[in-house]
Protein chains: 2
Amino acid sequence: MNKLYKAIIENGSVEDGNIIRVDSFLNHQIDVEVLDYVGQELFKRFEGVKVDKILTIESSGIAIAVIAARYFKVPVVFGKKTESKNLDKDTYSEEIYSFTKDIYYNVKVSKKYLSQGENILIVDDFMAGGNASLGLIAMVEAAGAKLAGVGIVIEKGFQAGGDILRRKGIKLESLAIIDGKNEEGIIFRPN
Amino acid sequence: MNKLYKAIIENGSVEDGNIIRVDSFLNHQIDVEVLDYVGQELFKRFEGVKVDKILTIESSGIAIAVIAARYFKVPVVFGKKTESKNLDKDTYSEEIYSFTKDIYYNVKVSKKYLSQGENILIVDDFMAGGNASLGLIAMVEAAGAKLAGVGIVIEKGFQAGGDILRRKGIKLESLAIIDGKNEEGIIFRPN
């Protein structure tokens, strides 16, 4: 069993309200061994795909993106959820709904860091309704860049995001897809 | 010249309003080579110091923390700035003022992830007024954990944070201290 599945089974939980708790190793406390496995595995899943840059969204996505970027040997750019004095005025921006926080963010990426013709890999910790990925994809398109694919650590198979992306023909690689839980524990979709 | 100084000189700038812009390689777009140098160098600066866990604050700190954690071989915990359905109710929390965003955040860390007796290294991308570090230090103390030190990528030497920490006798390691700028460019404090 791989390190991610092991960590999910031993330390994760599926809770009421479609919440998957992995805060002991992925999105509050971070186990760097699991994280490093995630980076390597994303690299493997996109072998042969041209990737010039990795795009993610703050905050949890940053950890995934920088570890993956070490293997891809490309820069990371992360979308910002709040205004900041050190962000350019000239940005791509998208309204993105956060399921876990139940608010809309106006996510921004400086136009300097997404360029026409670049091959962009989007990565994130979770895929739920797909709002974050679809927002980032819209920015990639607005920049005239090319989408290399989307790499996700945990896809909530019981929410629509993954299927929305697959139906669009996007190369989506989710390292674990969780379909729910039963008395025996977490139900993983077979690979 | 090390990779961090080189990146600051070639791609950074000191702007009006005490803003240091390093968004092309550190806190919006991230150059993983520079980041990896930062992780290695923080590890070197804390050689011989017992570190059980690295604590940082979302968002930019996360990239620094996870790369450093690969060298220290310890977990990362990051303080959360917003409420979330997947955060425990039982948290350490501190009001922290963000200079670049000009707002107060109520930063929270789950009590599960800071424990009595643990040796905690705090890392962050910037040290300005010291608010973020002082808030995180207060959480370390509230948990009965021990502060191993504070590792910062860029300290704004013209703001008070660094000296406040040094006067408290805290082991503060700032990889670059910027004292301002003149016609010749950015002024680094000699090591």
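This is a predicted model: local features need pLDDT of at least 70, side-chain atom pairs count only at pLDDT 80 or more; totals for chains, interfaces and linings use all residues.
Angles of 65 to 115 degrees count as roughly perpendicular, under 35 as roughly parallel, over 145 as roughly antiparallel, and the rest as oblique. Axes are lines fitted to C-alpha atoms, for helices over the stretch in contact; angles run from 0 to 180 degrees between N-to-C directions. Helices (H or I, at least four residues) and strands (E, at least two) are DSSP runs, numbered from the N terminus.

On the H3(A) side, Val66(A), Ala69(A) and Arg70(A) take part; they meet Val32(B), Leu35(B) and Asp36(B) of H2(B). Contact means heavy atoms within 4.5 Å. The contact of H3(A) with H2(B) holds four nonpolar, no polar and two charged residues. Here Ala, Val, Leu, Ile, Met, Phe, Trp, Tyr, Cys and Pro count as nonpolar, Asp, Glu, Lys and Arg as charged, and the others, Gly among them, as polar.

## Confidence and conventions

Chain A has a mean pLDDT of 95, and 100% of its residues reach 70 or more. pLDDT is the predictor's confidence in each residue, from 0 to 100. For the complex, the predictor gives an ipTM of 0.96 and a pTM of 0.97.

Residues are numbered from 1 along each chain as its sequence is written, while chains are lettered from A and ligands numbered from 1 in the order in which they are written. Local features need pLDDT of at least 70, side-chain atom pairs count only at pLDDT 80 or more, and totals for chains, interfaces and linings use all residues; side-chain values use heavy atoms, with hydrogens and water left out.

## Helix contact within chain A

Helix H1 (residues 3-11) and helix H2 (residues 32-45) of chain A have axes that come within 9 Å and cross at roughly 135 degrees. That makes H1(A) oblique to H2(A). Lys3(A), Leu4(A) and Ala7(A) of H1(A) make the contact with Glu33(A), Val34(A), Tyr37(A) and Val38(A) of H2(A). By class, the contact of H1(A) with H2(A) has five nonpolar, no polar and two charged residues.

## Sheet with E3(A) at an edge

Seven strands form an open sheet with mixed pairing, in the order E3(A)-E5(B)-E4(B)-E8(B)-E9(B)-E10(B)-E11(B). Strand E3 (29-30) of chain A and strand E11 (185-188) of chain B stand at the edges, each with a single partner strand, so one side of each is left without a neighbour in the sheet. Two strands pair if DSSP finds at least two bridges between them. Strand E10 (residues 172-182) of chain B joins E11(B) through four bridges and runs antiparallel to it. Ile178(B) stands opposite Phe188(B) there. Helix H1 (residues 3-11) of chain B packs on the sheet and touches E9, E10 and E11 of chain B; its direction makes about 25 degrees with that of E10(B).

Strand E8 (residues 119-127) of chain B is mostly covered, with nine of its nine residues buried. Buried means under 20% relative accessible area, exposed over 50%, partly exposed in between (1.4 Å probe, protein chains only). Strand E4 (residues 53-57) of chain B runs parallel to E8(B), joined by three bridges. Leu55(B) faces Ile122(B) in this pairing. E8(B) also pairs in the parallel sense with strand E9 (residues 146-156) of chain B, over eight bridges. Leu121(B) has Gly149(B) as its bridge partner in E9(B).

## Sheet with E3(B) at an edge

Another open sheet of seven strands, also of mixed pairing, has the order E11(A)-E10(A)-E9(A)-E8(A)-E4(A)-E5(A)-E3(B). Strand E11 (185-188) of chain A and strand E3 (29-30) of chain B stand at the edges, each with a single partner strand, so one side of each lacks a neighbour in the sheet. Strand E9 (residues 146-156) of chain A is joined to E10(A) by six bridges, and the two run parallel. Ile152(A) stands opposite Ser174(A) in E10(A).

## Backbone and loops

Most residues other than glycine have a negative phi, and most peptide bonds are trans. The bond from Glu58(A) to Ser59(A) is cis, with omega near 5 degrees. Ser59(A) lies in the loop between strand E4 (53-57) and H3 of chain A. The bond from Glu58(B) to Ser59(B) is cis, with omega near 0 degrees.

Asp102(A) has a positive phi of about 55 degrees. Its loop lies between strand E6 (91-98) and strand E7 (103-110) of chain A. At 47% relative accessibility, Asp102(A) counts as partly exposed. Lys73(B) has a positive phi near 55 degrees and, at 70% relative accessibility, counts as exposed.
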